[in-house]
Amino acid sequence: MSRILFATSEAYPLIKTGGLADVAGSLPRALLGLKQEVRLILPAYPEARARMGKARTIASFELDSHQLNLLQGRLPGARVTTWLLDCPVFFDRPGNPYLNEQGQVWPDNAERFALFSKAVSLIAQGKAGIDWRADLVHCNDWQTALVPALLDQESRRPATLFTIHNLAYQGLFDQATFTKLGLPAHLWHHEALEFHHQLSFIKGGLVFADSISTVSPSYAKEILRPEFAYGLDGLLRHRRQVLSGIINGIDTNEWNPGTDPRLQQNYNRRTLAKKIIYKTALQQHFKLAEAPDTLLFGFIGRLVEQKGLNDILASLPAILKTPVQFVFLGSGQQEYEQALRELAAQYPDKVAVQIGYSEDLSHRIEAGADAFLMPSTFEPCGLNQLYSLRYGALPVVRKVGGLNDTVIDSTRENLENDSATGIVFTGTAGDDLLDALQRTQKLYTNKAQWKQVQLAAMRQDFSWRRSAQAYLDLYQTSLKRNPKPLLT
Ligand code: ADP
Ligand code: GLC
């Protein structure tokens, strides 16, 4: 048994902006099931505090002239001991963990997450007045990436694992910010936190962690190449011996059409015919033509370039000449929100858009859609295609990252041996997606084959069982890699 401190900037259901929250809300629970002593730690945002319910202060300490409190409670619906780091000036605000209510980044994000990282490293070492210390700290994305760098300054320390959920977000700030944060001066170096005259938070994890992981085996290979690495491929190749990929699991309590409380009538492989209820409901909700036999695509996600919005906007006008429907749920860059709204205005009975965030509707889209559109340009893992497989909404994905590792194309051969689970395409030209959409239409016209692929998709097991065990093995390896282990 190991004592694991799992540090994150978001965790479902306390607070969520994307897939990191889904992972942080379900992996610790799976680790608990594997008999590990896990503590989940995140900042005490107002929403997280309210959702955690009962909590008590277990430590109070001063750090960089801020008075901090550590609140202990439980992750709702799980037995995971959860710590919220309370520092009102930094975390008690409206908006989300990274943006204000107008969607602009908080100007003091460097200070906020540097303080969080400093606190995590003190807590991990048992230096914050709590009678607990970690054997290993599992850090996630740039917001917690300074932890391995800070711990490495100590003569003895817990082991560290840094997981890259998305290399596109690095936490880059100017040199004056580095000075303001009061980090050890020698860390301003290109072999430490400096990246082309800027402070790079993510380098703290990439340079100093005992192990680095990312959320799929394919992405672990892709980021060694310049096209996927934003200038960090050299460093990652240098550390490739300690870099690996573990595919994300999904929380099957939350995402299971057989038990989903958001669906009045649950369905499974044997009662797949019930999916039509949700298709009709979706067409009604979005005020689309109620057409049971028209292929309906769903999309849920952040409206950013990564999610393939340019290709979607380029290829939809052509496919919309045929009988087909699309529903979009998402928010993000204004130009994409606007372009989707315009498309919906132009094709009112074929395209519908809901700008915003809705956990409830996202489940109902997975249940009601025939196919799920996810042509991301890169995708470290991706969770929506996994939810789609389980709900029998066939994912249409580009062959990148986790999409490549989880969806099996409906080629003739794969159809024959019953392994096909979706439509996978390669290439980056607008026509490549169009071609995939047309292939999906063709498959849909063959009802028997479509059902066969749906059943194969729903049979896939992406629960945490295997992946949590893989993390456990990686924790053990990281403990061995730690050059300055704690005395036991
Ligand atoms: P990423 O983390 O890059 O955004 P993932 O596929 O890993 O992509 O995870 C996205 C998660 O966020 C999924 O659980 C998805 O359902 C959810 N999500 C994204 N946008 C919305 C939205 N507008 N409404 C509800 N859920 C959303
Ligand atoms: C990131 C990635 C996504 C991944 C998620 C959780 O947000 O963009 O692909 O599934 O993290 O690991």
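1. Asn-384 puts an N or O atom of its side chain 3.3 Å from an oxygen atom of ligand 1, a polar contact in the sense of a pair of N or O atoms within 3.5 Å. Taken alone, ligand 1 exposes 560 Å², and the protein buries 93% of that (Shrake-Rupley areas, 1.4 Å probe).

2. A quick word on provenance: this is a predicted model, where local features need pLDDT of at least 70 and side-chain atom pairs count only at pLDDT 80 or more, while totals for chains, interfaces and linings use all residues. Residues are numbered from 1 along each chain as its sequence is written, chains are lettered from A and ligands numbered from 1 in the order in which they are written, and side-chain values use heavy atoms, leaving out hydrogens and water.

3. Back to ligand 1: a side-chain N or O atom of Lys-16 is 2.9 Å from one of the ligand's oxygen atoms, and a backbone N or O atom of Ser-358 lies 3.1 Å from a nitrogen atom of the ligand. Its shell has 21 residues, counted as near if a heavy atom lies within 4 Å.

Definitions and conventions: A polar contact is a pair of N or O atoms within 3.5 Å; within protein, one must be able to donate a hydrogen and the other to accept it, and residues adjacent in sequence count only if both atoms are side-chain atoms.
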